[in-house]
Amino acid sequence: MALDMALLHAVVAVAKAGGFREAARMSGSNPSRLSDAVRRAEQQLGVRLFNRTTRTVVLTEAGRALMSRLLPAMNEVDAALDALNTFRDTPGGTLRLNVPVSAARLVLPAIVPGFLQRYPDIRLEIVAESNVQDIFRDSCDAGIRYDDHLEQDMVALPIGPRVQRFAAAAAPAYLAAYGTPQHPRDLMQHRCLYGRYATGVTAEWEFSRGAERITLQPQGPLICSIGAAMELTVSTAIAGAGVVYLFEDWLKPALANGSLQPILADWWLSFPGLWLYYNDRRLIPAPLQAFLSWIRELNATPG
């Protein structure tokens, strides 16, 4: 039975994404076009491939049977097309990376522009989020995480600064009104601006000096979701509403212009930098190979 390959690609995209809207986002299409393609594929095949409700799109038994045979074949097609990159002057294709919001804001700006200039035929797609999850769930080729969140059986490559710090700070007006903390425990008497993970767990504030380590559960008037919403935390601290404890690089502009003042600097916690990780048991597509080479080149460059 002959079937348009474009319709098969639509079916695979929806099956992988678990829905039309997410498949459209991942493929650069739109939900109505994908829905129409799947409907035409079902008409040509004479079977229903998905059970659809207003909330879910789930493969039928026939759809699962098709995917079990189709996905390996489509992967072979992708591998064959990717192999053509070896005959090009520069590799092309799409590279999808799953990264924390902090990496997208603080680390990747020093990496991405040079990479895109070096490899103009590669399209880089960054999926930035705060939730720790399986990078391959969203069809990403690789991920960036801190070492305590690295997935098992992955190859990891250092990316970005190898040591980072948290920094505590508050606006001059706040410190004038409430006083300057002299010890981390003093923060329990202050208005803290802090974050909460998507799991509902509130982020603790950890401080370290010498052999002493202190962990606090901050309390205060503002809680923001860990990730992009932390920018609101910084703005609120600059406005004088409380104390913030966040990545030092995130606060550097405000510390440099004096809108925030550092506090408890002797206690700021240092932690290891980020890692780029991927599964070397899968076919490594040419765009990822190029990105790995670029990161290794940057790592070998002094400074």
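Which strand does Gln164 lie in? The residue sits in β6, which spans residues 155–170; helices here are DSSP runs of H or I with at least four residues, strands are E runs of at least two, and both are numbered from the N terminus. The structure is a predicted model, so local features need pLDDT of at least 70 and side-chain atom pairs count only at pLDDT 80 or more, while totals for chains, interfaces and linings use all residues. Residues are numbered from 1 along each chain as its sequence is written, and side-chain values use heavy atoms, with hydrogens and water left out.

Back to Gln164. With a relative accessible area of 8%, Gln164 is buried (buried is under 20% relative accessible area, exposed over 50%, and partly exposed in between, using a 1.4 Å probe and protein chains only). The side chain of Gln164 makes a polar contact of 3.2 Å with that of Tyr146. Such a contact is a pair of N or O atoms within 3.5 Å; within protein, one must be able to donate a hydrogen and the other to accept it, and residues adjacent in sequence count only if both atoms are side-chain atoms. Setting aside residues up to four places away in sequence, Gln164 also touches Val107, Phe247, Leu269, Ser270, Phe271, Gly273 and Leu274, among others (contact means heavy atoms within 4.5 Å).

Rings come next. The structure holds 11 aromatic pairs, where rings of Phe, Tyr and Trp (its six-membered ring) pair if their centres lie within 6.5 Å, with planes under 30 degrees apart called stacked, over 60 edge-to-face and the rest tilted. One of them joins Phe166 and Phe271, tilted at 35 degrees between the planes and 4.8 Å centre to centre. Phe166 belongs to β6 and Phe271 to β13 (residues 270–278), so this pair ties together parts that are 105 residues apart in sequence. Phe166 is partly exposed at 24% relative accessibility, whereas Phe271, at 15%, counts as buried. Another pair, Tyr174 with Tyr178, is stacked, at 4.5 Å centre to centre and 25 degrees between the planes. These two are 4 residues apart in helix α7, which means about one helical turn separates them. Tyr174 is buried at 1% relative accessibility, but Tyr178 comes out partly exposed at 47%. Ring pairs also link Tyr146, Phe166, Trp205, Phe207, Tyr245, Phe247 and Phe271 into a cluster.

Beyond its neighbours within four places in sequence, Leu276 is in contact with residues including Leu97, Ile144, Val155, Leu157, Ile159, Phe291 and Ile295.

Helix α8 (residues 230–238) has Met230, Thr233, Val234, Thr236 and Ala237 buried. These residues cover an arc of only 165 degrees around the axis, which puts them on the same side of α8; the arc is that of the directions from the helix axis to the C-beta atoms. The buried residues of α8 pack against β7, β10 (222–225), β11 (243–247) and α9 (248–257). Following α8 is Gly240, whose phi is positive, near 95 degrees.

Two loops also deserve a look. Pro181 is in the one between α7 (172–178) and β7 (192–196), and is buried with a relative accessible area of 4%. Pro181 and Ile263 are 82 residues apart along the chain, yet their C-alpha atoms are separated by 7.0 Å. Leaving out residues up to four places away in sequence, Pro181 touches Leu175, Asp186, Leu187, His190, Ile263 and Leu264. Leu264 is itself in a loop, between β12 (261–263) and β13, and is buried at 10% relative accessible area. Its phi is positive, near 55 degrees, in a residue other than glycine. Most residues other than glycine have a negative phi.

As for cysteines, Cys192 is buried with a relative accessible area of 1%, and Cys224 is buried at 5%. A search of the whole structure finds 0 disulfides, a disulfide being a pair of cysteine sulfur atoms within 2.5 Å.
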